[in-house]
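Please open the model in your viewer, with the sequence beside it, and follow the stops below in order. Each stop names what to select and then says what is there.

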Amino acid sequence: MNNKKPFGSIKAKALNPGDLVKWSKWNHEKSMWEKKYGLIIRVVNEIRSNRLVSISHVYVYEKKNVKEFFTLSLKKVKSHEKQD
């Protein structure tokens, strides 16, 4: 078997738990893209449609719950800063 990197793994290297991310979602009522924001909880590699892909678990502020996203669909807004 050919050992390929998980799809989206290069982008996943730039994301860490605690990072603020954004994505866009189409609003049919307003006919426009809306920006959504969330906090990375964890990034894992999972088999989806017979392909190993990078999946990010994100706490979505608007919904107040954790959702799964294809890592390539997320853009980092701000890195998590450790407090001393």
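Two strands are said to pair if DSSP finds at least two bridges between them, and the elements themselves are DSSP runs numbered from the N terminus, with helices (H or I) of at least four residues and strands (E) of at least two. This is a predicted model, in which local features need pLDDT of at least 70 and side-chain atom pairs count only at pLDDT 80 or more, while totals for chains, interfaces and linings use all residues. Residues are numbered from 1 along each chain as its sequence is written, and side-chain values use heavy atoms, with hydrogens and water left out.

**Stop 1**

Begin with the strands in a cartoon view, where 5 strands form an open sheet in the order 4-3-2-1-5, with antiparallel pairing. Strand 4 and strand 5 (75-78) are the edge strands, each of them pairing on one side only. From one strand to the next the twist averages 50°, where axes are lines fitted to C-alpha atoms (for helices over the stretch in contact) and angles run from 0 to 180 degrees between N-to-C directions. As a general point, strands of a sheet pair through backbone hydrogen bonds, either parallel or antiparallel.

Now select strand 3 (residues 51-60) together with strand 4, which pair in the antiparallel sense over 6 bridges. Within this selection, look for Val60, which stands opposite Asn65 in strand 4.

**Stop 2: two loops**

Then move to Lys64, placed in the loop between strand 3 and strand 4. Lys64 also is not a glycine, although it has a positive phi of about 55°, and with 64% relative accessibility it counts as exposed.

**Stop 3: salt bridges**

Side chains of opposite charge can pair when their charged atoms come close. The structure holds 6 salt bridges, a salt bridge being a side-chain nitrogen of Lys or Arg within 4 Å of a carboxyl oxygen of Asp or Glu.

Select Arg48 and show its side chain, which is partly exposed with a relative accessible area of 33%. Arg48 forms a salt bridge with Glu46, the closest N and O atoms being 2.6 Å apart, and Glu46 is partly exposed at 22% relative accessible area. Arg48 also forms a salt bridge with Glu68, where the closest N and O atoms are 2.7 Å apart. Because Arg48 lies in strand 2 (residues 32-48) and Glu68 in strand 4 (residues 65-70), this pair ties together parts that are 20 residues apart in sequence. Glu68 is partly exposed, with a relative accessible area of 43%.

Next select Lys30, Glu34, Lys36 and Glu62, which salt bridges with shared partners join into one network.

**Stop 4: aromatic rings**

A search of the whole structure finds 4 aromatic pairs; rings of Phe, Tyr and Trp (its six-membered ring) pair if their centres lie within 6.5 Å, and planes under 30 degrees apart count as stacked, over 60 as edge-to-face and the rest as tilted. Select Phe7 and Phe70, whose ring centres are 5.6 Å apart and whose planes are at 15°, so the pair is stacked. This pair links distant parts of the chain, since Phe7 is in the segment before helix 1 and Phe70 in strand 4, 63 residues apart. Phe7 is partly exposed at 39% relative accessibility, and Phe70 is partly exposed with a relative accessible area of 31%.

For another pair, select Trp23 and Phe69, whose ring centres lie 4.5 Å apart with planes at 45°, so the pair is tilted. Are these two residues buried or exposed? Trp23 is buried, with a relative accessible area of 9%, and Phe69 counts as buried at 16% relative accessibility.

Terms used:
Buried < 20%, exposed > 50% of the residue type's maximum accessible area, 1.4 Å probe, protein only.
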